[in-house]
Amino acid sequence: MSPEYAVDGTFSVKSDVFSFGVLLLEIVSGKQNRGFNHPNHQHSLLGHAWLLWNEGKTLELMDPCLEESCVESQVLRCIHVGLLCVQKYSKDRPTMNSVVVMLSNEGVKLPQPQHPGFFIERSSSTVNQGSMLCGNNEESPSVNGVTITFYGR
């Protein structure tokens with residue numbers, strides 16, 4: 001969910017771009033943004049991707065299952081475009097038409113992404129670190145309680 005929709009209830013085509021960026025980063029990493037957990041920090045997947053980008057360790061985001069079959073430049077481009085799509089302010093995000101051009105043409109020079117939306121540390125998490133691509137994505141158990149009270153007639 002885009003920051004402008006979550007905070008103000010404002011929805012636009014740039015809200016869809018934000019969601020697409022989240023999906024791109026989830027596909028490349030094999031992790032879900034919702035419930036992402038890292039042992040060294042409490043950032044979401046978006047925050048983690050941003051940290052790796054700034055540290056020059058962008059490829060560390062990639063799911064290990066992709067290592068043998070990927071084209072490194074394409075993975076880097078997907079992460080770069082994903083970060084452009086999840087920028088905090090909708091005016092900074094590309095249009096979907098631009099996203100298609102950026103992903104399909106490696107000759108297109110990409111701008112530097114700005115700070116992503118929802119780049120905050122969470123205080124606690126009950127998350128799973130399973131990989132979606134490798135098939136070991138175990139769901140966290142949920143407890144759904146039901147109380148039934150019978151009254152005598």
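Mentor: Let us begin with a term: a residue is called buried when its relative accessible area is under 20%, exposed when it is over 50%, and partly exposed in between. Please keep in mind that this is a predicted model.

The part to examine is helix H3, which spans residues 45-55. H3 is mostly covered, since 8 of its 11 residues are buried. These buried residues are Leu45, Leu46, Gly47, His48, Ala49, Trp50, Leu52 and Trp53. They pack against two other helices, H2 (13-29) and H4.

Now consider the end of H3. Glu55 has a relative accessibility of 48% and therefore counts as partly exposed. Just after the helix, Gly56 takes a positive phi of about 75°. Lys57 is partly exposed as well, with a relative accessible area of 38%. The side chains of Lys57 and Glu55 meet in a salt bridge, at 3.8 Å from N to O. In general, side chains of opposite charge can pair when their charged atoms come close. A search of the whole structure finds 2 salt bridges.

Finally, let us follow H4, one of the partners of H3. H4 covers residues 72-85 and packs with helix H5 (residues 96-104) at an angle of about 165°, their axes lying 10 Å apart. The two helices are therefore roughly antiparallel to each other, and their crossing is right-handed. On the H4 side, Arg77, Cys78, Val81, Leu84 and Cys85 meet Val99, Met102 and Leu103 of H5. By class, this contact has 7 nonpolar, no polar and 1 charged residues.

Key: Residues are numbered from 1 along each chain as its sequence is written. This is a predicted model: local features need pLDDT of at least 70, side-chain atom pairs count only at pLDDT 80 or more; totals for chains, interfaces and linings use all residues. Side-chain values use heavy atoms; hydrogens and water are left out. Axes are lines fitted to C-alpha atoms, for helices over the stretch in contact, and angles run from 0 to 180 degrees between N-to-C directions. Helices (H or I, at least four residues) and strands (E, at least two) are DSSP runs, numbered from the N terminus. Angles under 35 degrees count as roughly parallel, over 145 as roughly antiparallel, 65 to 115 as roughly perpendicular and the rest as oblique. A crossing is left-handed if the near helix is turned anticlockwise from the far one by less than a right angle, and right-handed if clockwise. Contact means heavy atoms within 4.5 Å. Ala, Val, Leu, Ile, Met, Phe, Trp, Tyr, Cys and Pro count as nonpolar, Asp, Glu, Lys and Arg as charged, and the others, Gly among them, as polar. Buried means under 20% relative accessible area, exposed over 50%, partly exposed in between (1.4 Å probe, protein chains only). A salt bridge is a side-chain nitrogen of Lys or Arg within 4 Å of a carboxyl oxygen of Asp or Glu.
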